[in-house]
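This briefing gathers computed features of one protein chain and groups them by topic. Please read the points below alongside the sequence and the coordinates.

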Amino acid sequence: TEKGTLKEVKATCCYCGVGCGVIVQSDGKQVVGVRGDPDHPANFGRLCTKGSTLHLTARPALQQQARALYPELRTTRNSLRKQVSWDETMDFIARKFVGTIREHGPDSVGFYISGQLLTEDYYVFNKLAKGLIGTNNVDTNSRLCMSSAVAGYKQTLGTDAPPACYEDFEHAQVIFIVGANPAYAHPVLYRRIEEARRKNPSMKIIAADPRRTDTAREADLFLPILPGTDVALFNGMLHICMQEALIDPAYIDAHTEGFAELKNTLADYVPKVVAEICGISEEDLFRAARWFGESKASLSLYCQGLNQSSSGTAKNAALVNLHLATHQIGRPGAGPFSLTGQPNAMGGREVGGMANIISAHRELANPGHRAEVARLWGVDEVPAKPGKTAVEMFEAVNRGEIKILWIACTNPAQSMPEQKLVREALKKAELVIVQEAYKTTATVDYADVLLPATTWSEKEGTVTNSERRITRFKPVLSKPGEAMHDWEIVIDFARRYERLSGREKSIFPYKTPEEIWNEHRESTRGRDLDITGLSYKILEEQGPQQWPFPEGASSGRKRLYEDGAFPTPSGRARFVSTVFKPVAEPVDIRYPFHMLTGRLRDQWHGMSRTGTVAQLFSHAAEPAVVLSQEDMEKSLIKQGELVHVTSRRGTQIFTAMAGDDMRAGQAFIGMHWGEEYVSGRGYKGEGTYGVNALTCPAIDPSSRQPELKHAAVRILKA
Ligand code: SF4
């Protein structure tokens with residue numbers, strides 16, 4: 001719309017998975033303002049500090065300083081990258097791919113992409129790797145974020161679909177927030193919870209978290225569980241619900257399977273033992289179980305505290321068990337609702353953009369599913385061998401198995417655990433391609449090829465938020481410099497690769513993102529996420545819509561499983577006999593502190609965007625290691641003093657702060673700052689990579705998600 005001389009376009013915020021609608025104002029040359037979209041069902045006009053400063057991240061001066069605007073290439077490792085034409089760059093890459101694959105096979109290349117990409121970008125990357133090149137080595141930073149939630153849903157409910165919606169906050173009687181701090185990480189949703197609570201004063205909030213976060217402070221009941229003990233907590237709560245007849249035997253009989261086996265497992269989780277494992281009082285454990293089980297509608301909200309764990313899948317499944325047994329699912333205000341970290345992790349999952357899944361929630365391990373996707377794509381086959389997941393991909397690069405690594409829209413040289421290995425891998429790779437909007441990320445330093453990409457306010461396409469809601473948006477600004485859209489870059493490469501490898505008819509015929517989206521839409525026909533009733537036109541005219549939205553439907557579905565039918569072979573939900581396992585790296589005499597990591601209120605990920613806005617540093621100017629007052633005194637550390645934090649993988653320097661949110665023996669570090677900060681404090685040398693120099697690369701056996709939330713460390717005065 002035109003407002004005075006300003007143009008206004010509807011978009012979404014590019015940060016978290018809440019997926020808030022924003023109205024972007026531009027004068028045609030630059031973005032001059034943003035405001036919340038009052039019509040968007042995710043936020044109804046609200047924005048948090050990050051979303052409301054988005055326009056400041058698109059200032060022209062900043063674009064000149066921080067943006068990647070031209071393709072750059074170096075043909076030998078010892079030279080500097082030089083600006084070259086797109087044609088020369090893409091030709092070089094295509095020839096390298098063809099040569100390397102001819103010599104070493106398709107699994108000698110890998111793609112590491114991002115939950116920040118749009119669904120259309122994700123779709124073509126996935127098709128390029130699995131359809132054209134013939135490797136499943138395509139994984140994403142969503143592996144660090146949501147893959148345990150995916151595995152948990154699939155094991156229990158049969159498919160990767162969050163069953164609840166934001167409106168359920170208004171129907172819930174109990175909200176159980178566990179392993180999440182929405183007051184910081186999903187602020188607009190938290191405002192909505194606060195409002196629902198004001199309207200319904202009998203609503204109770206239970207928070208379980210090792211730290212007394214801002215979310216926990218506002219809860220009616222706070223369970224300060226010890227790190228990694230969530231499975232014991234959920235099993236203990238279910239044990240009590242069984243004892244006190246708070247489960248629903250009729251629902252269990254009619255709609256589930258596997259309860260007898262789970263019952264045997266739960267017998268071990270007697271309240272006294274569970275309270276000890278979790279480090280909470282038995283009284284509080286009983287109170288939590290009773291509130292949850294007795295309530296007319298209990299809704300759980302959870303995020304990385306469950307997911308970023310070496311038993312992340314079990315944590316997710318144990319929580320779903322609790323919901324199924326008490327029939328707290330498939331009803332207004334009830335359900336296990338995983339909050340998504342990134343803006344389009346959901347879209348990536350929908351197109352199958354990970355190493356172990358394929359389009360539209362199909363299973364790579366299922367030959368019938370592979371054949372369906374191959375048919376849709378017009379290729380002979382989709383390879384059966386699973387690809388390397390995030391941590392495994394960098395390990396394979398380090399071993400020399402993957403020789404070419406293409407990284408898009410993410411910054412693994414800051415965000416992956418065990419940075420030393422990741423950076424060694426980036427040095428060892430024969431070719432590192434980085435497709436990025438910002439030339440300032442740590443990963444760009446390792447790029448042999450830099451492909452400049454468009455970003456927020458410049459792109460067109462769709463994203464899906466935590467409640468399965470798809471939003472379509474259009475660009476506000478034109479492409480800066482020579483930057484290209486992510487999907488255009490992939491297609492340009494794919495066509496060159498096709499020509500060089502002798503394929504006559506291109507399987508990448510798209511001219512617009514809409515054509516890509518239409519193919520994706522067709523891939524969902526008959527699947528749980530069927531969106532064959534949607535179109536770009538409907539999304540534009542009727543606004544954001546939830547899936548499923550099959551052909552003939554007039555609206556999407558708010559919540560799933562209301563009929564008690566689940567997308568499993570038997571139609572029943574499955575209980576999983578989850579067993580508590582401690583954190584991968586227990587504390588000991590040499591590493592006596594539990595290091596916990598997490599988001600701060602005003603920063604996003606590695607700060608390539610939020611780090612350009614001065615006012616976003618007013619909440620936390622620099623990263624600190626937060627300790628209990630007791631530990632500060634015991635270690636003779638004064639407020640603001642510098643300390644060395646050391647794990648088995650490296651050392652970093654931080655300012656020490658006392659926090660009343662911390663238990664003795666625990667230390668919290670915000671995840672956002674990378675090597676620039678650490679080097680800036682004058683601490684140089686091996687391991688100066690930011691917090692992920694310290695984090696643990698142990699992965700969950702099912703989801704392959706690393707335990708970024710916890711590591712054992714020691715802390716000494718610098
Ligand atoms: Fe953006 Fe998330 Fe804040 Fe909404 S809550 S404005 S999506 S960062």
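**Briefing on the predicted model**

Glutamate 170 lies in the loop between α4 (147-157) and β9 (174-178), in what is a predicted model.

**Overall fold**

- The protein chain contains 24 helices and 29 strands; its radius of gyration is 24 Å, close to the 27 Å that the globule rule gives for 718 residues, so the chain is as compact as a globular protein of that length.
- Computed along the principal axes in the sense of a computed extent, the C-alpha trace spans about 70 × 65 × 60 Å, and 60% of the 718 residues count as buried.
- Among the contacts in the protein chain with a separation of 6 or more, 73% are between residues 24 or more positions apart.

- In soluble globular proteins, nonpolar side chains tend to be buried together.
- The largest nonpolar core has 223 residues, of which Phe125, Ile175, Met237, Val625 and Ala667 touch the most other members, while helix α8 (residues 230-243) gives the most to this core, with nine residues.
- Once its neighbours within four places in sequence are left aside, isoleucine 175 is in contact with Ile193, Met203, Ile205, Leu299 and Leu301.

**Helix α19**

- Within helix α19 (residues 419-428), the residues Gln419, Val422, Arg423, Ala425 and Leu426 are buried; they cover an arc of only 155° around the axis, which puts them on the same side of α19.
- The elements that cover these buried residues of α19 include α17 (390-399), α18 (412-415) and β18 (431-436).

**Backbone geometry**

- Most residues other than glycine have a negative phi, and most peptide bonds are trans.
- Alanine 245, in the loop between α8 and α9 (249-255), has a positive phi near 55°, and this residue is exposed, with 9 other C-beta atoms within 10 Å.
- Histidine 605 likewise has a positive phi, near 45°, and is found in the loop between β24 (593-598) and β25 (624-627), but histidine 605 counts as buried, with 24 C-beta neighbours inside 10 Å.
- Tryptophan 547 and proline 548 are joined by a cis peptide bond with omega about 0°, and proline 548 has its place in the loop between β22 (545-546) and β23 (573-574).

Technical notes: Residues are numbered from 1 along each chain as its sequence is written. This is a predicted model: local features need pLDDT of at least 70, side-chain atom pairs count only at pLDDT 80 or more; totals for chains, interfaces and linings use all residues. A residue is buried if 20 or more other C-beta atoms lie within 10 Å of its own, exposed if 12 or fewer, and partly exposed in between; C-beta atoms are placed from the backbone. Helices (H or I, at least four residues) and strands (E, at least two) are DSSP runs, numbered from the N terminus. The arc is that of the directions from the helix axis to the C-beta atoms. Two residues are in contact if their C-beta atoms, placed from the backbone, lie within 7 Å. A nonpolar core is a set of buried Ala, Val, Leu, Ile, Met, Phe, Trp, Tyr and Cys residues joined through C-beta atoms within 7 Å. The radius of gyration is taken over C-alpha atoms; the globule rule is 2.2 Å times the number of residues to the power 0.38.
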